[in-house]
Amino acid sequence: MLLGLLPGIEVVGSARDGEEAVALTAELAPDVVLMDLRMPRCDGVEATRRIRDRHPGTEVVVLTTYADDDSLFPALRAGARGYLTKDAGGEEIARAVRDVIDGRAGLSPSVQRRLLERLIDREARGDREARGDREDGEDREGREGRSGREGQGERGGRTGPGTGSGAWSAMDGGPGAAPGAGGSSGPYADGLTERETEVLALVANGLSNAEIAGRLRISTATVKTHINNLFAKTGVRDRAQAVRYAYQHGLVRAPGRRVT
């Protein structure tokens, strides 16, 4: 009813769920589909994916109650070009519809802010990891240099081929190295950062996102970002699987029990 009153907008159909939305899009070829997310049979993310794959000329604007990361990012990855929450007024809905038709993103201010926070957090994390890699490299070079000098001392100060190189190859996992010596990718499984590992351990200990944020003195949005990243890296789908993963990899232990 609201959309029908907006100037320049004609409502050509209404669907009860995602399956019907996909079918009506094929029949009516609308310019824009206003998509809910939580629906029976076929949810809004899957319906968006099907519509964008089969009818690239139809844009999708999500209109939903939910603005959490688990709803926002899957919808955008599925091809939605707009995302509004249901407290949006008629003018904001009309503007989002015009924006996606004109090739722009029809995002509410809160969603734009969340995307910006995600980008800033990702860049900051990349900078921290890059600094850590450089520091690790400098530490390794220092150890190799000391090992090389020690090897020369043991051989009475001799230099030349073979002098000190044995110490370096053993440290770097080269010829003659013991299994597992050197060449390690770090103490964390599946490429998890130190912070992601810390968050995973707290999840496994039953802490909520808000409690983790308070414990680590970071925002709940940052906690959600860490959780999304560690889910992607470890291949788990939910917190229950994350708990199992943490126990299997020794991040937390149940007193007196062996986890299999």
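Strand S2 (residues 59-64), helix H4 (residues 69-78) and strand S3 (residues 82-85) form a right-handed β-α-β unit in this predicted model. Right-handed has a set meaning here: with the strands pointing away from the viewer, the path from the first strand over the helix to the second runs clockwise. Helices (H or I, at least four residues) and strands (E, at least two) are DSSP runs, numbered from the N terminus. S2 and S3 run parallel, joined by four bridges. Strands pair if DSSP finds at least two bridges between them. Thr 64 stands opposite Thr 85 in S3.

S2 has another partner. Strand S1 (residues 32-35) runs parallel to S2, again with four bridges. Met 35 faces Val 62 of S2 across this pairing, standing opposite to it. S1, helix H3 (residues 44-54) and S2 make a right-handed β-α-β unit.

How covered is S2? Six of its six residues are buried, where buried means under 20% relative accessible area, exposed over 50% and partly exposed in between (1.4 Å probe, protein chains only). Glu 59, Val 61 and Leu 63 point one way from the strand. Val 60, Val 62 and Thr 64 point the other way. For the protein, 36% of the 260 residues count as buried.

Now to a helix pair. Helix H8 (residues 194-204) packs against helix H11 (residues 239-248) at about 110 degrees, with the axes 9 Å apart. That angle makes H8 roughly perpendicular to H11, a label that covers 65 to 115 degrees; under 35 is roughly parallel, over 145 roughly antiparallel and the rest oblique. Axes are lines fitted to C-alpha atoms, for helices over the stretch in contact, and angles run from 0 to 180 degrees between N-to-C directions. H8 brings Leu 200, Val 203 and Ala 204 to the contact. Residues of H11 in it include Arg 239, Ala 242 and Tyr 245. Contact means heavy atoms within 4.5 Å.

The mean pLDDT is 75, and 71% of residues reach 70 or more; pLDDT is the predictor's confidence in each residue, from 0 to 100. Over residues 153-187 the pLDDT is below 50. Where pLDDT is low, the predicted coordinates should not be read in detail.

Residues are numbered from 1 along each chain as its sequence is written. Local features need pLDDT of at least 70, side-chain atom pairs count only at pLDDT 80 or more, totals for chains, interfaces and linings use all residues, and side-chain values use heavy atoms, with hydrogens and water left out.
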